Amino acid sequence: MEDHWTAIVVTCSTATIREGLEKECNRLAKVGMLPSHELLMVVDDPQWEKISEEGSASKTCQLEQGVGSGGATINALLVAVERLSAKRNHTTISSELVYNSRILVVHHGRVLAHSPGGSPFLYVPPELPCVSQSAMATPPTLLQHVIWMATKVGRRSNTGVWVTSLDAFIPNSPQVEAPDTNGVSGAVVCTIKTPLQQATHHGTVITDGRKNILRMEYKMPWDRMKEVFTKDEAPVISGLVFLSASLTEQLLGLHTLPPLDRCTYYGTDSGIPPLQVSLYFDLLLPLCSGVEEEEYLSGRCGAVYAQVAKYNITAVQELHTARLQIWKQLQGLKAVFHSLEGTRHHYLASHLTYESIILPLLSSSCVGSRPFQVPTSGAVKTINAYIEGSVKSTGKDLFIVDSWIGKDVALEFSGLSTVSGFQLSSAKLQLQLAGDCVWQMHPTRIQDVITCYGIKDQLSLHYQEKEASIFNIDWPVFMERTELSPDILWPNQASHNQTFLTAKLFSNDIPKEEQIQSLAILVRTLTDDVSMNEWKSRIEEWKAGSRFSLLDAMESSIMHKLIQQHEDIYLKIAEQIIEATSGELGGKSLLPMFEYVAARGQISVNKIMMVLHQQLSHERPTTPRLLANIADLLGCMAAGDGGLRSGPAANPHWRNALQQLKSGNQSRAMELMFDNCKLWMQSGHPEDLIRAARHYERASQIVISHLVETAEMHVSPMWVAQEFRQQVPAGVWVEALSPARIDLAGGWTDTPPICYEQGGAVLNIAIKINKKKPIGARVRFIPEPHIVCVLRDWSGGDVRLTWSQLEQLGDYDNPVAPGALVKVVLLYCRLVDLHSEDTLMSQLTESYNAGVEVEVWSQLPQGSGLGGSSLLAGTLVSAMAVLLGHPPPSHSHLVHATLTIEQRLTTGGGWQDQVGGLVGGAKLGVSNIGTPVTVNMYKIPLQAEMLDFLNNHLLLLYTGKVRLARNLLQTVIRNWYARDSTIIECFSKLQQLAISAAAAVLEGDRKELGHCIDKYWSLKKMVASGCEPGKVKKLMSSLRTHCLGMSLAGAGGGGYLYALKTLSDPLPSDVVPGELSIDAVEVDQEGLELWVGGEPLQTPDNEEILTSEKLRSLQ
């Protein structure tokens, strides 16, 4: 599958259009909104300019005749291959390059009056276009869609040329498949099945019933259409066609053969006028197996250019000669067709009404416009529009596109209308405007020009034709009520060109506010006598002024000015969206916008950065997300350079700001951070941007910690006043033992901030490994007034630490510092006060007249995925609480205390580990949206059969692969705050899956539990990409037929794999490699155990029992 193009060539008819297309193509390419390509260029078709000199001045007259779609294709291929030849250091055009190139030619086609700037800027429905989601930072345009659609359809073509056009919109569909072009020596014409009546207006393809094309006919008569096609539909030319490398080489050769050299810029530069050639009915017709030479040369196959040329004998002769050359050159090549299923042919042209071709697209485009849509009231719908003032419509839809309506503007429309391109940011205007009209503003060199026409008007019809209308009214009625005659409307215009497009209706020498007012009166004149009288009082002034036709306004539009207007509006909307959603807990995904803004340059970035920091001037629940947003914007600016997003974030330049934030002074902290940010952005080094981003993420983590510590309200009852404590005597050990845990479903949803922004639910079970509780801690008072910490290592490598100074505890928030977890627990339990002026020894002596000895151990390998570190914190807290004379803490006390401890340790863990191990058996933990963070635990009564099944069918296998979750956690939180749609949906599914798995355990449904575990593993892989090493994947594959379900343990895909075996028997010896160890595992029903001096201590067990009714209430 290929998405990369060697060259993308966009053709157009004039240099003016080329200017705009180049600007737009460069914009899209710069921000990554086009497919990958080596070469991108815009080529204007060869034009014949007759230059006459009058005195010292020269006058250029451009003739109307172009080179047609065929000539434009040959010229585009010539220019592309010539450019590629030069890039590869060839001194001549090397046609052989087409055999290892993929070239896309996009024809601009006819000028579309319905869209200011033309068809490239026409918005198409977001749910329909074949545009990569990552390429939809701004609402998708027809230009984007056509390029991406060709990319999709051309994915199976390794070499050759694809040609497409902006003359039609082909909606994307899952049924649209790419043709296999292998072995094709000629062309593949893509067709679309179309109702017969509609097909009579287009080129129709007649086939042999297989894949070969017999002939192609343009505008086949109705009678013949019914005769040829027995069904109610016919295949019409879609506008997408593949030209094989061999055909392309032959077409390139045509540029050396007169008169076909006139189709390329070679002809223009040789001083000869262009030759008009059709792609389908001149170049591709000889490839049709049912077309004979004489018939082709005579032009009787419906070729539009041949029919027009029959009135000019010279043109007929030239075309005959050209066709003769084409016929000879292309012999032996064949045309086949490929049907594009599930889509339709939506033809776009100015002679069709706005109502019939644009409104259907516009309605859908507004419904889901991406990436942002500002909320509006009632019938007002927007695409890239910023509205400060008042815009209303009486009942029917009003579409506002690419417009900035200022705060001093009030517009009311009487019916269905479109406003496109209105730039009224500083205007003062209050008007009622007629409905059923299209109001447009065209940026020209002098000033903007306002135009208007009816949604039912056929703009290209001669005004005397029966169907012709102006502002949806017959022309005679218009002329009678306005007292405007043809000589006024079409001065110096040939009679056959007198259409709406060419009528001089629009004043262009007065301010745009006056233009709108004058035009509003003119349109209302047709239905309102008061307006008619007002118009007649103004008519002489109107006649005397300078006027444009709609065609003049289109041709005079300055494309770079139009694009800049679109950019300014987009940026203003982005600012508005940030402000409007800054208080929403979830918020929108801003990452596409950040990527776009970062690519556009520093000025745009500065505006967005300022708005983001303004939202951080005071505390709010969304502060962590806003800080993460700034980090994302900085990351986008680095554009993949500068290193990894995860890394240290304690640079001295940022230390004061972070300390202010820790102290609760958010306003001052943000001022300091913004100052640093601006300095680091100015350096121009991507690594500085990444380092700045890390500090914003650190700031986000600090605020998350503050929010998580609201859980302390559930811990405070654990601590009792000094007079009520019963301190354990010196030398007596207080020991706490905890089982490990296995997470069966819902992991990751317990992690802050997900657990309180979405809510979390996790199902897990407490387990003994090899008949033992693997995690423990013991503490005692000792005579010496210092702290002894022993980190037990069951392999014999114990570490003994002694702390006699407060400063030695100061690195408690560095997880890799020796004994950091012990330090943070001791400080949390208020053993000593780190900020006291008293020394550590004096504090210990005064409070306890003793020192403390701590021993901690875990028989689990680091990164096991079985909850070791969190459970170690929970066991140590329980032992310390009892040692200091507090009552034995409840499970709820310990669960919430461990949450705070992990935040202070800066590991940022969730609550599932402590719930899973400290509470025995199977249980469901649940946290709800909001703060204070609250975890509720529901014990699941295990039926005897279910308990026996778990004890005999659980498999616990150490893979030897260690995965640490810290950096992984940062990545997941980063994706959460970026509002990655896949991640958001995944977390929702994880939460629901925990409920489903709990129901399976409650009901004893083993098969369903296995299914939930498998699904859980699939979701975990989505959250943590790369958590399935190749070795593990191979192991799981070998276990698949022996298990009901399996997963790696832990949120990060830890070192242990667990599975539910189908049978209780040992696995066959060839299933598990010999170097891997299988541990004996069983459900631990008791959970945390406390011992004082060797005697067991009863711990409170007040968890609610989970029932079916309770489970239903949690869903």
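Q: Which residue in strand 41 does Tyr 958 stand opposite?

A: In this predicted model, Tyr 958 stands opposite Ser 1077 in strand 41. The two strands concerned, strand 38 and strand 41 (residues 1077–1079), pair in the antiparallel sense over three bridges.

Q: With which strand does strand 38 pair over five bridges?

A: That partner is strand 40 (residues 1056–1061), and the pairing is again antiparallel. Within this pairing, Leu 955 has Ala 1059 of strand 40 opposite it.

Q: How many aromatic pairs are found, and why is the pair of Tyr 265 and Tyr 266 called edge-to-face?

A: A search of the whole structure gives 22 aromatic pairs. Ring planes over 60 degrees apart count as edge-to-face. The planes of Tyr 265 and Tyr 266 stand at 85 degrees, with the ring centres 5.0 Å apart, so this pair is edge-to-face. Tyr 265 is partly exposed at a relative accessible area of 25%, and Tyr 266 is partly exposed at 33%.

Q: What kind of aromatic pair do Phe 471 and Phe 500 form, and are these residues buried or exposed?

A: Phe 471 and Phe 500 form an edge-to-face pair, with 5.8 Å from centre to centre and 85 degrees between the planes. Phe 471 lies in the loop between strand 25 (469–470) and strand 26 (473–474), while Phe 500 lies in the loop between helix 15 (486–489) and strand 27 (506–507), so the pair ties together parts that are 29 residues apart in sequence. Phe 471 counts as buried at 4% relative accessibility, and Phe 500 counts as buried at 1%. Both residues belong to one aromatic cluster, whose members also include Tyr 354, Trp 475 and Trp 490.

Q: Where does the charged end of Lys 678 sit?

A: The charged end of Lys 678 sits over the ring of Phe 674, 4.5 Å from the ring centre. In another case, Arg 323 lies over the face of Tyr 296, at 4.7 Å from the centre of that ring.

Q: How many salt bridges are found, and which residue forms one with Asp 3?

A: The search of the whole structure finds 49 salt bridges. In one of them Asp 3 is joined to Arg 155, and their closest N and O atoms are 2.6 Å apart. This pair links distant parts of the chain, 152 residues apart: Asp 3 is in the segment before strand 1 (5–12), and Arg 155 is in the loop between helix 3 (142–153) and strand 6 (160–165). Asp 3 counts as partly exposed at 32% relative accessibility, as does Arg 155 at 27%.

Q: Which parts does the salt bridge of Asp 552 and Lys 504 tie together?

A: The side chains of Asp 552 and Lys 504 meet at 2.5 Å, N to O. Asp 552 lies in helix 18 (residues 550–556) and Lys 504 in the loop between helix 15 and strand 27, so the pair ties together parts that are 48 residues apart in sequence. Asp 552 counts as buried at 19% relative accessibility, whereas Lys 504 is partly exposed at 22%.

Conventions
Residues are numbered from 1 along each chain as its sequence is written. This is a predicted model: local features need pLDDT of at least 70, side-chain atom pairs count only at pLDDT 80 or more; totals for chains, interfaces and linings use all residues. Side-chain values use heavy atoms; hydrogens and water are left out. Two strands pair if DSSP finds at least two bridges between them. Helices (H or I, at least four residues) and strands (E, at least two) are DSSP runs, numbered from the N terminus. Rings of Phe, Tyr and Trp (its six-membered ring) pair if their centres lie within 6.5 Å; planes under 30 degrees apart count as stacked, over 60 as edge-to-face and the rest as tilted. Buried means under 20% relative accessible area, exposed over 50%, partly exposed in between (1.4 Å probe, protein chains only). A charge sits over a ring if NZ of Lys or CZ of Arg is within 6 Å of the ring centre and within 35 degrees of the ring normal. A salt bridge is a side-chain nitrogen of Lys or Arg within 4 Å of a carboxyl oxygen of Asp or Glu.
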